[in-house]
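User: I'm new to this one and would like a quick tour. Can you put it up and take my questions as they come?

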Amino acid sequence: RIVQLSGEMERSVGDALKIGIGIHHGPAVLGRMGYRRTHTLTAVGDTVHVARRVEELSKRFAVPLVVSATTFRAAGIDHTDLPTEKVEIRGHSQPLTVVLVADPEALAARLGLSGLA
């Protein structure tokens with residue numbers, strides 16, 4: 001759907017929509033934050049911090065999807081055919097290996113997830 005919306009935006013305003021998604025997993029604290037009738041679901045913790053840093057890498061590496069290698073492994077998905085990078089994460093002493101996904105649709109098809117949208 002994002003590809004479709006991007007094409008529509010490019011036709012109407014001359015600029016395509018570009019997004020970057022970062023995926024990481026781990027423990028986090030979830031809760032509703034707010035006052036009176038205005039509440040939002042919020043997640044906090046180191047996992048959220050790392051996921052945000054992973055998402056930022058989509059710009060640096062010019063790919064729409066960046067996933068931590070540990071997330072691929074936890075999901076049981078082979079990523080050895082995809083490019084990886086070791087990156088420094090602020091606040092962490094060890095680098096994090098991330099997987100760069102230039103074609104999320106091809107990955108979804110490989111996993112049998114195409115056509116779900």
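Analyst: Let's start with Gly-7. Gly-7 is buried, with a relative accessible area of 16%. Buried means under 20% relative accessible area, exposed means over 50%, and partly exposed is in between (1.4 Å probe, protein chains only).

User: What am I looking at, and how are things counted?

Analyst: This is a predicted model, where local features need pLDDT of at least 70, side-chain atom pairs count only at pLDDT 80 or more, and totals for chains, interfaces and linings use all residues. Residues are numbered from 1 along each chain as its sequence is written, and side-chain values use heavy atoms, with hydrogens and water left out.

User: Which helix does Gly-7 lie in?

Analyst: Gly-7 lies in helix H1, residues 2-13. Helices (H or I, at least four residues) and strands (E, at least two) are DSSP runs, numbered from the N terminus.

User: How far does H1 reach?

Analyst: From its first C-alpha to its last, H1 reaches 16 Å with 12 residues. That is close to the 16 Å expected at 1.5 Å a residue. The expected span is 1.5 Å times one less than the number of residues in the helix.

User: What follows H1?

Analyst: Gly-14 does, and its phi is positive, near 85°. Also, the C-alpha atoms of Gly-7 and Leu-17 are separated by 7.8 Å. Those two residues are 10 apart along the chain.

User: New topic, the sheet. What order do the strands take?

Analyst: The order is S1-S4-S6-S5, in an open sheet of 4 strands with mixed pairing. Two strands pair if DSSP finds at least two bridges between them.

User: Which strands stand at the edges?

Analyst: S1 (21-23) and S5 do. Each has a single partner strand, so one side of each is left without a neighbour in the sheet. Neighbouring strands of this sheet are turned by 25° against each other on average, direction ignored.

User: Do S1 and S4 run parallel or antiparallel?

Analyst: They run parallel, joined by 3 bridges. Ile-23 has Val-67 in S4 as its bridge partner.

User: And S4 with S6, parallel or antiparallel?

Analyst: Antiparallel, with 4 bridges between S4 (residues 65-68) and S6. Leu-65 has Val-101 in S6 as its bridge partner.

User: How many bridges join S5 to S6?

Analyst: There are 4 bridges, and S5 (residues 84-87) runs antiparallel to S6. Lys-86 stands opposite Thr-97 in S6.

User: What holds strands together in general?

Analyst: Strands of a sheet pair through backbone hydrogen bonds, either parallel or antiparallel.

User: Which strands does H2 lie across?

Analyst: H2 lies across S1, S4, S5 and S6, running at about 140° to S1. Axes are lines fitted to C-alpha atoms, for helices over the stretch in contact, and angles run from 0 to 180 degrees between N-to-C directions.

User: Tell me about Arg-53. Is that residue buried or exposed?

Analyst: Arg-53 is buried, at 18% relative accessible area. Arg-53 lies in helix H2, residues 46-60.

User: What does Arg-53 touch?

Analyst: Ile-89 and Arg-90, leaving aside residues up to four places away in sequence. Contact means heavy atoms within 4.5 Å.

User: Now salt bridges. How many does the structure hold?

Analyst: The structure holds 4 salt bridges. A salt bridge is a side-chain nitrogen of Lys or Arg within 4 Å of a carboxyl oxygen of Asp or Glu.

User: Which ones involve Arg-52?

Analyst: One pairs Arg-52 with Glu-55, at 2.0 Å from N to O. Being 3 residues apart in helix H2, those two are separated by about one helical turn. Arg-52 also forms a salt bridge with Glu-56, with the closest N and O atoms 3.7 Å apart.

User: How accessible are they?

Analyst: Arg-52 is partly exposed at 44%. Glu-55 is partly exposed at 22%, and Glu-56 is partly exposed at 34%.

User: What about Arg-110?

Analyst: Arg-110 forms a salt bridge with Asp-81, the closest N and O atoms being 2.7 Å apart. Arg-110 lies in helix H4 (residues 104-110) and Asp-81 in the loop between helix H3 (69-75) and S5, so the pair ties together parts that are 29 residues apart in sequence. Arg-110 counts as partly exposed at 41% relative accessibility, while Asp-81 counts as exposed at 51%.

User: Which residues are joined into one network?

Analyst: Arg-52, Arg-53, Glu-55 and Glu-56, through salt bridges that share partners.
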